[in-house]
Amino acid sequence: MRIGIVCPYSWDVPGGVQFHIRDLAEHLIRLGHEVSVLAPADDETPLPPYVVSAGRAVPVPYNGSVARLNFGFLSAARVRRWLHDGAFEVIHIHEPASPSLGLLACWAAQGPIVATFHTSNPRSRAMIAAYPILQPALEKISARIAVSEYARRTLVEHLGGDAVVIPNGVDVDFFARAEPKKEWQGRTIGFIGRIDEPRKGLPVLMKALPEILAEVPDARLLVAGRGDEKEAVAGLPAELRSRVEFLGMVTDEDKARLLRSVDLYVAPNTGGESFGIILVEAMSAAAPVLASDLDAFAQVLDQGEAGELFTNENASALAASAIRLLRDPSRLAELRERGSRHVRRFDWATVGADILAVYETVADGAASVDTDERVSLRARWGLARD
Amino acid sequence: MTTLIWILAALIVIGLYLSWTAGRLDRLHARIDAARAALDAQLLRRASVAQELGTSGVLDPVASIVLYQAAHEARQAEEDQREVAESALSQALRAVFDEAEQAEAVREAPGGEQTLAELTAAVRRVPMARRFHNDAVRAARAVRRHRVVRWFRLAGHAPFPLAFEMDDEAPAALGERAAA
């Protein structure tokens with residue numbers, strides 16, 4: 001199958017959506033499909049052979065953080081050229097409802113279009129205002145995918161219609177086969193995520209840490225992620241600071257080894273998560289998971305069956321659960337076993353087959369994707385009258 | 001004179017808007033047709049595999065007859081009986097493949113692995129195709145309810161799109177293939 005995938009965010013900036021697209025593209029290529037990914041990237045960034053640059057992305061504040069987005073004539077022209085040259089049987093757009101390359105591609109294309117909705121933002125005023133503009137573009141999407149039941153619910157509420165739920169994929173064996181590292185073992189609690197992003201929840205964990213250390217004095221916290229380390233431990237009593245170890249940014253291999261090594265993985269995120277890929281990765285590495293009870297997390301953890309949940313933003317609840325778990329090796333072993341079994345449904349073998357099923361359902365008997373000529377005709381009229 | 005030009009300009013703008021809306025609606029109808037064809041293909045595929053299983057002799061006689069009868073009725077159903085007949089087939093499949101042992105028995109028969117894979121794919125794809133179809137129907141209805149579309153009869157003679165409602169829940173033993 002000839003498949004075109006549109007990545008909304010800069011290829012050179014690490015992020016969940018970008019990793020998802022990279023893994024999906026590589027998985028599909030391994031299965032023998034022809035895949036081309038259109039992604040924003042600086043012209044000098046080295047790109048894998050299957051990625052086509054859509055030009056440089058401009059940093060714009062959007063949805064609470066700074067997003068790097070593509071818009072304007074140059075990007076639109078590149079999208080059209082890519083659609084024309086690719087002659088895809090199906091195109092897969094990510095995040096079509098945010099102002100991004102995905103939306104541009106949706107405007108410019110016609111034919112079988114599949115779209116994945118990753119985020120689940122609460123309904124914003126901007127979305128309501130943009131609704132009449134978005135609607136004609138979103139109408140072209142033949143199949144919608146939501147990454148979780150929670151994301152689907154918000155999608156249905158905001159845009160109407162329906163979507164199938166296909167979770168994000170993880171290469172389970174990559175994590176399951178990673179070698180544990182000695183110095184990261186022994187009563188260790190793991191945390192992976194941006195240190196300076198409060199929604200990732202490190203402050204909650206830091207608040208809970210003194211309580212945990214009072215009961216389990218030999219516990220250590222390992223933190224992997226970008227951000228100001230001094231600021232992160234500022235609220236902690238000086239004598240406890242040595243119990244926190246910062247690993248900085250880690251490679252994928254080290255991330256897998258870290259997850260294989262820790263006794264407990266804590267995900268104290270306070271919001272803004274629509275899926276929780278890190279929990280899936282932790283379970284793939286057979287790490288027992290303790291997570292805040294966000295809707296998305298509860299769903300990934302099978303409502304607390306495959307990992308434990310604590311009340312969101314409640315540091316003492318987090319501490320109590322962590323202490324109980326760290327003192328109970330049999331429960332930890334049980335969580336490891338349950339997590340490893342549960343996580344198989346997120347493996348690329350399963351997820352990839354489902355996504356291909358969607359492609360085949362919409363591409364069956366339909367014409368291939370092409371540029372939407374109606375748009376250019378109107379544009380020409382528009383220019384003529386100026 | 002200027003008034004005339006303004007009226008002319010306004011008419012052109014209205015005309016362009018109407019033509020664009022008609023095009024949008026046309027595209028939506030095409031999308032419904034494609035989605036309906038895909039749904040038909042998946043339903044037929046499911047009924048054929050079920051019928052194959054019903055005649056294969058792998059299952060016990062009661063299960064065979066139940067499956068065969070349901071699959072036969074689903075394929076022969078008139079358009080207005082289709083949703084009921086397909087739902088009945090879903091129920092029959094659920095009744096037969098309620099237990100994992102039944103699926104195992106099919107898997108062990110010669111060629112059973114492929115048949116089971118085909119059936120699993122079909123029961124997974126029917127709800128997908130149905131969701132995509134109903135999503136297209138909803139989008140078309142939203143545009144067709146618009147006042148402008150009704151006043152100017154932009155939908156032409158295209159019939160008012162209807163959603164396809166049926167029970168399409170997958171059998172327990174086939175739905176959770178990921179857990180295997």
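**Exercise 1. Domains**

Which domains does the domain assignment of chain A give? Then describe where they touch.

Solution. The model is a predicted one.
- Step 1: The assignment gives domain 1, made of 2–169 + 348–385, and domain 2, made of 173–344.
- Step 2: Their C-alpha centres lie 32 Å apart.
- Step 3: Count the contacts. In domain 1 of chain A, 11 residues are in contact with 6 residues of domain 2.
- Step 4: Helix 5 (residues 149–159) of chain A supplies the largest share of the domain 1 side, 3 residues.
- Step 5: Sort that side by class: 4 nonpolar, 6 polar and 1 charged.

**Exercise 2. A helix pair**

Find how helix 1 (residues 16–30) and helix 14 (residues 348–363) of chain A pack.

Solution. 
- Step 1: The two helices pack at about 80°, and their axes are 11 Å apart.
- Step 2: Angles of 65 to 115 degrees count as roughly perpendicular, so helix 1 and helix 14 of chain A are roughly perpendicular to each other.
- Step 3: Helix 1 contributes A:D23, A:L24, A:H27 and A:L28 to the contact; helix 14 contributes A:W348, A:G352 and A:I355.
- Step 4: By class, these residues are 4 nonpolar, 2 polar and 1 charged.

**Exercise 3. The sheet**

Trace the strand order of the open sheet of 7 strands in chain A.

Solution. 
- Step 1: The order reads 3-2-1-6-8-9-10, with parallel pairing.
- Step 2: Strand 3 (51–53) and strand 10 (164–165) are the edges, each pairing on one side only.
- Step 3: Strand 9 (residues 143–146) joins strand 10 through 2 bridges. Here A:A146 stands opposite A:V165.
- Step 4: Helix 3 (residues 101–108) of chain A packs on the sheet, touching strands 1, 2, 6 and 8.

Conventions: Residues are numbered from 1 along each chain as its sequence is written. Chains are lettered from A and ligands numbered from 1 in the order in which they are written. This is a predicted model: local features need pLDDT of at least 70, side-chain atom pairs count only at pLDDT 80 or more; totals for chains, interfaces and linings use all residues. Domain bounds come from an automatic or database domain assignment. Two residues are in contact if their C-beta atoms, placed from the backbone, lie within 7 Å. Helices (H or I, at least four residues) and strands (E, at least two) are DSSP runs, numbered from the N terminus. Ala, Val, Leu, Ile, Met, Phe, Trp, Tyr, Cys and Pro count as nonpolar, Asp, Glu, Lys and Arg as charged, and the others, Gly among them, as polar. Axes are lines fitted to C-alpha atoms, for helices over the stretch in contact, and angles run from 0 to 180 degrees between N-to-C directions. Angles under 35 degrees count as roughly parallel, over 145 as roughly antiparallel, 65 to 115 as roughly perpendicular and the rest as oblique. Two strands pair if DSSP finds at least two bridges between them.
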